[in-house]
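Thanks for coming. I will go through one model this morning, starting with its sheet and ending with a pair of helices.

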Protein chains: 2
Amino acid sequence: MLLSSLGEFGLIDRIRNRFGGRRRAKGLVIGMGDDAFAARLSVGHLLVSTNDILIENTHFRRDWISPFDLGYKAMAVNLSDLAAMGKCKPLYALIGLGLPEDTTVDYVDKLYTGMNKIGGYFGLKIVGGDTVLSTKGVVISVTLIGEAMQEHLLTRAGAQLGDKIYVTGTLGDSAGGLYLLQKGIRQGRGYIDCLLSRHRLPEPRLSLAARLTATRQVTSMIDSSDGLNVSLRLIAEASGVGARIDIEKVPVSRALRQLANKFKDADPLDFSITGGEDYELVFTAPPSAAKKLSRMAGITAIGTITAGRHVDYYLNGTPKKITTGGYRHF
Amino acid sequence: MLLSSLGEFGLIDRIRNRFGGRRRAKGLVIGMGDDAFAARLSVGHLLVSTNDILIENTHFRRDWISPFDLGYKAMAVNLSDLAAMGKCKPLYALIGLGLPEDTTVDYVDKLYTGMNKIGGYFGLKIVGGDTVLSTKGVVISVTLIGEAMQEHLLTRAGAQLGDKIYVTGTLGDSAGGLYLLQKGIRQGRGYIDCLLSRHRLPEPRLSLAARLTATRQVTSMIDSSDGLNVSLRLIAEASGVGARIDIEKVPVSRALRQLANKFKDADPLDFSITGGEDYELVFTAPPSAAKKLSRMAGITAIGTITAGRHVDYYLNGTPKKITTGGYRHF
């Protein structure tokens, strides 16, 4: 069934009935279906909000990702931005969709089901947006609104000389998944499934970010959406510092190593440093916090904040030049 | 100069330096340039938020509208959604931009200058967003965040049997401007300039909406973004009522009448009832408020709320069928 058989308002009604009302949200005063939505934040909390736009053939290919996974990922990418702000509670999502005329109702249902699935994990409610015709491919704009206490917010600025640099999880898996898609491999078992899932269904690190914030030791934080190298450069720039990374310490998954064993031109070092879309956290903390942080699962120290205002890489003590630098839109 | 000569991060820096910091905003805690922005709302106020997405060749043609006007309009359209909520103070904007590779820096500057111009009139601050490559044309997603007291919010629901129906300003001018563009007329004097301006630079009715809300008489409100007929149907549906419109009362501008005199196939009745993008307010109030409302400039009573759950039109007392119904995306 094509969207044209429902019509614009039929589609809006369908979205509202299926995805607009199921979850209770105590602060919500006016929900989906008016000119805007209205909600009350918790007393003493700040509003925290972010917007990301995903465009077909720039961010995704419809033949490489299912609508469920695409919806899931569009939401995950934005949730990761909230995670990067510290201890932040996601609340509401506004979804702007541009859809080609030949889009099926089933495609839209699955897109929303994916968004709603991950939204449900994090207590997020879809409260509105806009659905319009796009002559040239799918466009997804997600705006998330959350709340946080001011003392629980972390920015990219704040890294201090001598701070240790940490990352969560493993890096490069999403780039490994993209590599497989580019080779025409869209499904498989074992490491293939693992890397494709990491690329298609990233897990935003909200609970880990909250726990890290609670230590009161973290001095700066960002997510790794555009790759480790870009994240480090942004922290360095915002904090007025530099960074030294010991490449051998950068955590790489077993799946990515298996990929590198099978495909000789797949370079795990390149993927883990310049590959984007892992949506892990990159953060800094003073050396005095090292012991406390080392007891937390899923984080790895990979380097040190320096004075130099540039990001330097060393492999087993030898300087190494990193030439590429993550995806650039222009 | 093309965007590629600045690069993605150069562009982001340029936008931040030019448009991210000039205006003070007392509640703003973290502004443009981090993973999200953070702000404190006024005590006792609700968050009010809306998102609209504008896509090239669906909502606009780049050869029909200048980048300044396009930026201005993208913001105006969203401000109108906040106006339709009652007495609402716009605060922050998140801008998601999809831009083709051959976009010039000058184009983006003018787009932001237009957004910032109208934003400035209403105390709005651009605090973030996302700028990405779009292979197939310009995409603009605007999310506005404002605040309002709960008792100052109006929805589409609330119209009561017997209420009078009002509109602000004149209707059909934007459709008249679009008609001229479709005829290849992109500039001119007198009525042409007037209609093209109404199409390209709509004025959101925020202050009038605030004054109407302050009367405490308005029972429902919506803007006329998709045309009067669609607005009435949405109020009727949300309120569980119907409407009777006396077509001869619908306010039509002198410019639109002049257009109809020159072009025999330009029908002011059709433009004013089914034409969209005027961004006027459509609202209802009980008959007891009629005297008070009649003293306010710029509003016109055009009909009455009925029991019938459908929207009926009369021209000088004779029923008239309205066959078309505003722009439909699908």
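**A sheet across two chains**

Six strands form an open sheet in the order β5(A)-β4(A)-β6(A)-β3(A)-β2(B)-β1(B), with mixed pairing. Strands here are DSSP runs of E of at least two residues, helices are runs of H or I of at least four, and both are numbered from the N terminus; two strands pair if DSSP finds at least two bridges between them. The edges are β5 (125–133) of chain A and β1 (28–30) of chain B, each pairing on one side only. From one strand to the next the twist averages 20°.

This is a predicted model, where local features need pLDDT of at least 70 and side-chain atom pairs count only at pLDDT 80 or more, while totals for chains, interfaces and linings use all residues. Residues are numbered from 1 along each chain as its sequence is written, with chains lettered from A and ligands numbered from 1 in the order in which they are written.

Now β3(A). Ten bridges join β3(A) to β6(A), residues 139–148, and the two run antiparallel; Ile55(A) has Val139(A) as its bridge partner. Three bridges join β3(A) to β2(B), residues 37–39, also antiparallel, and there Leu47(A) stands opposite Ala39(B).

In the interface, 58 residues of chain A are in contact with 58 of chain B, contact meaning C-beta atoms, placed from the backbone, within 7 Å. Strand β3 (residues 46–55) of chain A gives the largest share of chain A's side, nine residues.

Last, the helices: α2(B), residues 8–20, and α4(B), residues 105–121, pack at about 35° with axes 11 Å apart. Axes are lines fitted to C-alpha atoms, for helices over the stretch in contact, and angles run from 0 to 180 degrees between N-to-C directions.

Terms used: Two residues are in contact if their C-beta atoms, placed from the backbone, lie within 7 Å.
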